[in-house]
Amino acid sequence: MTEAIAARTVLAEYRYTPDRLVPVLGEKWLPRDIRCVASARRFVRDVAVDWHAAEDVPEVAELLVSELVTNALTHGTTGTTGAPATSAVRVTVSREKDLLVVSVHDPCPALPRLRQAGSLDLHGRGLAIVEAFSHHWGWALTPYGKSVWFQLLAWP
């Protein structure tokens, strides 16, 4: 019972459902190829610049989407039951009042885990970076897998 309560607390902390009336500023589908991370970075940066986000927001959004897309392509599309080899990752950028919201959708229902990377570890810092630089971040299960998202204060 204690485990169920703890799991529910974790779910409550990271669940996020955007308002249905939130304008989507841009959307991009990426093939299952790690070389597409650069395309996602450019896309999110360009959307933030086009919509006149605050000074450092395009660069921070570019860094954070790089981490999430890398995770999605590395962990979210491999070994997924029923996910075809051509499964894609979708990146959406939306605006909720003064927040820029970037979501990365992949077909894998496995939840993201925030890890403690050792000083010599080459991997395991992506979500810690997202947590450190975003206004808020989290994930939501979807009928097609999951969405991992972050928010940045872009229009104060």
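**A tour of the sheet and its core**

Begin by selecting residues 89–96, which form strand 2, together with residues 99–106, which form strand 3: the two run antiparallel and are joined by seven bridges. Helices (H or I, at least four residues) and strands (E, at least two) are DSSP runs, numbered from the N terminus, and two strands pair if DSSP finds at least two bridges between them. The model is predicted, so that local features need pLDDT of at least 70 and side-chain atom pairs count only at pLDDT 80 or more, while totals for chains, interfaces and linings use all residues. Residues are numbered from 1 along each chain as its sequence is written, and side-chain values use heavy atoms, with hydrogens and water left out.

Within this pair, select Arg90, which stands opposite His105 in strand 3.

Now show the whole open sheet, whose five strands follow the order 1-2-3-5-4 with antiparallel pairing. Its edge strands, each pairing on one side only, are strand 1 (24–30) and strand 4 (136–142).

Next, select residues 57–75, which are helix 3, lying across strand 1, strand 2, strand 3 and strand 5 (145–153).

Finally, turn to the largest nonpolar core, which has 33 residues, and select Val69, Val91, Leu100 and Phe150, the residues with the most contacts inside it. Such a core is a set of buried (under 20% relative accessible area, 1.4 Å probe, protein chains only) Ala, Val, Leu, Ile, Met, Phe, Trp, Tyr and Cys residues joined through side-chain atoms within 4.5 Å. Helix 3 gives the most to this core, with eight residues.

Methods:
Contact = heavy atoms within 4.5 Å. Axes fitted to C-alpha atoms, helices over the stretch in contact; angles between N-to-C directions. Buried < 20%, exposed > 50% of the residue type's maximum accessible area, 1.4 Å probe, protein only.
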